[in-house]
Amino acid sequence: MLFRSTNAVDIYTVVYETHIPERGNETATVSGMLALPHLAKRSTIPLMSYQRGTVYHKYAVPSYAFQTKSPWPYPHQQEAYETRYMTALFAGNGYGLVAADYVGFGRDAKSDEAYLIKGVTAQASVDLIDDATHFLATKTIIPSSLFLSGWSQGGHNTGAVLQSLERKGVKVKAAFTASNPNDP
């Protein structure tokens with residue numbers, strides 16, 4: 001199946017505070033990405049929270065996916081194809097897109113990674129959704145609906161994010177995953 005992006009996209013790096021439930025709600029300053037489509041009318045847009053898959057370099061993450069220089073000595077963009085594809089697919093077709101780097105990656109690269117640790121990984125995405133929603137409000141943009149998606153490790157994380165949002169009473173229109181640890 002061939003798809004075509006129909007909109008230009010603005011990319012923002014978001015730096016925000018999250019909490020680590022497994023460490024008594026200790027705070028961490030982390031990063032993520034927000035992509036907004038150029039639309040003639042965007043007072044309301046659907047918002048997609050994308051939980052990225054496993055990466056092997058600390059900067060091969062959403063907030064660095066479109067940067068031309070990386071503090072890491074390896075070409076991070078080669079591992080950022082997943083974020084670039086999802087940005088073109090969703091933001092390029094009218095969705096606001098948020099994607100967290102997770103604790104231990106991106107701006108927080110000096111910290112220990114939270115690979116597949118449910119609470120902290122879900123919290124990083126939930127906090128990014130909250131901060132992005134507040135930022136959108138400053139631009140008079142209201143999310144019309146919230147969607148969740150994830151690939152591989154991100155598929156596992158999507159289930160945790162959905163559970164966390166449901167506990168908070170946040171309505172999620174749909175969630176989908178692919179090739180995650182729960183999908184043998």
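In the predicted model, strands β5 and β6 pair in the parallel sense over five bridges, where two strands are taken to pair if DSSP finds at least two bridges between them, and where helices (H or I, at least four residues) and strands (E, at least two) are DSSP runs numbered from the N terminus. Within this pairing, S149 stands opposite F176 in β6. Together with helix α4, the two strands make a right-handed β-α-β unit; a crossover is called right-handed if, with the strands pointing away from the viewer, the path from the first strand over the helix to the second runs clockwise. Residues are numbered from 1 along each chain as its sequence is written, and side-chain values use heavy atoms, with hydrogens and water left out. As the model is predicted, local features need pLDDT of at least 70 and side-chain atom pairs count only at pLDDT 80 or more, whereas totals for chains, interfaces and linings use all residues.

The pair belongs to an open sheet of six strands with mixed pairing, ordered β1-β2-β4-β3-β5-β6. Its edges are formed by β1 (9-20) and β6 (174-178), each of which pairs on one side only. Direction ignored, neighbouring strands of the sheet are turned against each other by 25 degrees on average, with axes given by lines fitted to C-alpha atoms (for helices over the stretch in contact) and angles between N-to-C directions running from 0 to 180 degrees. Strand β3 runs parallel to β5, to which it is joined by seven bridges, and M48 stands opposite F147 in β5. On pairing with β4 (residues 96-100), β3 (residues 44-51) is again parallel, here over three bridges, and the partner of L47 in β4 is G96.

Helix α3 (residues 118-138) packs on the sheet and touches β1, β2 (26-37), β3, β4 and β5 (142-151), its direction making about 130 degrees with that of β1; contact here means heavy atoms within 4.5 Å. Helix α4 (residues 153-168) lies across β3, β5 and β6 and runs at about 140 degrees to β5.

The largest nonpolar core contains 36 residues, of which Y16, V98, I129, L146, L148, V161 and L165 touch the most other members. Such a core is a set of buried Ala, Val, Leu, Ile, Met, Phe, Trp, Tyr and Cys residues joined through side-chain atoms within 4.5 Å, buried being under 20% relative accessible area, exposed over 50% and partly exposed in between (1.4 Å probe, protein chains only). Two or more residues are given to this core by each of β1, β2, β3, β4, α3, β5 and α4, and the largest share, eight residues, comes from α3. Beyond residues up to four places away in sequence, the residues touched by L148 include I129, V161, L165 and F176.

S125 is placed in helix α3 and is buried, with a relative accessible area of 2%. Its side chain makes a polar contact of 3.4 Å with the side chain of Q51, a polar contact being a pair of N or O atoms within 3.5 Å in which, within protein, one must be able to donate a hydrogen and the other to accept it, and for which residues adjacent in sequence count only if both atoms are side-chain atoms. Apart from neighbours within four places in sequence, S125 is in contact with Q51, A100, Y102 and V161.

Y102 lies in the loop between β4 and α3 and is likewise buried, at a relative accessible area of 3%; although not a glycine, Y102 has a positive phi of about 85 degrees.
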